[in-house]
Amino acid sequence: MKILKGAEVSAKIREQVQEDLKKLQEKRSGFVPKLAIVRVGENPDDMSYERGAIKKMENFGLQAQSYEFPENISHEEFWAGFQKINQDPGVTGILLLKPLPKQIQEKEIDQLILPEKDLDGISPTNMAKVFMGDGTGFAPCTAEAVVWMLKENQIPIAGKRVVIVGRSLIVGKPLAMLMMKENGTVTVCHTKTADLPGTCRQAEILVAAAGRPELLNDDYVGDEAVVIDVGIHVREDGKLCGDVDFDSIQEKAFAATPVPGGVGTVTTAVLAKHLVQAGLLLHR
Ligand code: NAD
């Protein structure tokens, strides 16, 4: 089985980021786009993602700053704090770490974020653009990362049977749209899918985005399938794993992404790419 490593795809995206940054700096000398990472509370997974994202932005020659809010902040206070960041001309793009605590009405924040700063495609405008196949907006970084992973590894999507396990707004649904745009024949599975293993076995490209550690084993993988694992979990032994039981599929799959070192690495590279694109939008 071929292992599809995120680092190689990320390096390719980095080249594009450097080119776009050069273009941007020709328009506005010395300008370095800045990412605002907005976090409510101190969830260790969020904090670890945040550290990784900041490191990646710096590594790509970009700026990043985290904005923290207390777990018990009221909706109104958070709304006002978020709007300040949204309106700050020094902030080029925003990543809001989710889920937010229950007292905050997430939908209102999704509607508040300026589409041109909405790097992870949570605003209705960007979502509609993904739905319409209009590439001028921002798609959620993880969904876009899956497409990058396949394309950079010369894995054709057009005409292929694509099965996505997971229908969340941030991964499964937008990815279904992006895969359709690439002319894949898409099936989306969820908790109510009858015969999940049988449906998954039909896939020529299987994407695991269920948020369930090692849910998909060799029984879910058809011969010579390409398996893309979006899941990230910390196992009881402290090691990271995905939604796929990586060891069990070795003999069956044609190729698969590892966790860590797979889709997650590409996701932060896509975030950097979106940040520079947001800079270009700002200085058209
Ligand atoms: P989510 O919990 O919002 O959605 C999970 C989806 O999977 C739901 O639609 C649900 O119906 C489906 N599902 C759950 N259990 C299932 C089962 N047993 N059988 C079939 N379908 C099932 O999760 P999400 O935000 O979409 O994230 C999915 C995974 O991807 C998580 O592990 C998350 O940590 C990871 N993630 C990774 C990145 C990255 O950069 N690699 C980014 C975002 C999320």
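## A pair of parallel strands

L206 stands opposite V227, a residue of strand β8, in a model that is predicted rather than determined by experiment, where local features need pLDDT of at least 70, side-chain atom pairs count only at pLDDT 80 or more, and totals for chains, interfaces and linings use all residues. Residues are numbered from 1 along each chain as its sequence is written, and side-chain values use heavy atoms, with hydrogens and water left out.

Strand β7 (residues 205–208) and strand β8 (residues 226–229) run parallel and are joined by four bridges; strands here are DSSP runs of E with at least two residues, helices are runs of H or I with at least four residues, and both are numbered from the N terminus. Two strands are said to pair if DSSP finds at least two bridges between them. In the loop between β7 and β8 is E224, which has a positive phi of about 65 degrees although it is not a glycine.

## The six-stranded sheet

Both strands belong to an open sheet of six strands, which follow the order β1-β11-β8-β7-β5-β6 with parallel pairing. At its edges are β1 (2–3) and β6 (185–189), each of which pairs on one side only. As background, the strands of a sheet pair through backbone hydrogen bonds, in either a parallel or an antiparallel manner.

Helix α6 (residues 141–152) lies across β7 and β8 and runs at about 145 degrees to β8; such angles run from 0 to 180 degrees between N-to-C directions, with axes fitted as lines to C-alpha atoms, for helices over the stretch in contact, and contact means heavy atoms within 4.5 Å.

## The three-stranded sheet

Another open sheet has three strands in the order β3-β2-β4, again with parallel pairing. Strands β3 (63–69) and β4 stand at the edges with a single partner strand each, so one side of each is left without a neighbour in the sheet. From one strand to the next, the twist averages 20 degrees.

Seven bridges link strand β2 (residues 34–40) to β3 in the parallel sense, and R39 has E68 in β3 as its bridge partner. Helix α2 (residues 44–59) packs on this sheet, where it touches β2, β3 and β4, and its direction makes about 175 degrees with that of β2.

P99 is found in the loop between β4 (93–96) and α4 (106–112), whereas P260 has its place in the loop between β11 (255–256) and α9.

A positive phi, near 55 degrees, is also found at D195, a residue other than glycine, and D195 lies in the loop between β6 and α8 (196–201).

## Around the ligand

The ligand is surrounded by 23 residues, of which the closest are T142, R167, S168, V230 and T267; a residue counts as near if one of its heavy atoms lies within 4 Å. This shell divides into ten nonpolar, ten polar and three charged residues, where Ala, Val, Leu, Ile, Met, Phe, Trp, Tyr, Cys and Pro count as nonpolar, Asp, Glu, Lys and Arg as charged, and the others, Gly among them, as polar. Helix α9 (residues 263–282) gives the most to the shell, with three residues.

Oxygen atoms of the ligand take part in polar contacts, here pairs of N or O atoms within 3.5 Å: one lies 2.8 Å from a polar backbone atom of R167, one lies 3.4 Å from a polar backbone atom of I232, and one lies 3.0 Å from a polar side-chain atom of T267. The protein covers 74% of the 850 Å² of accessible area that the ligand has on its own, as given by the Shrake-Rupley method with a 1.4 Å probe.

Methods:
Polar contact = N/O pair within 3.5 Å; in protein donor to acceptor, adjacent residues only side chain to side chain.
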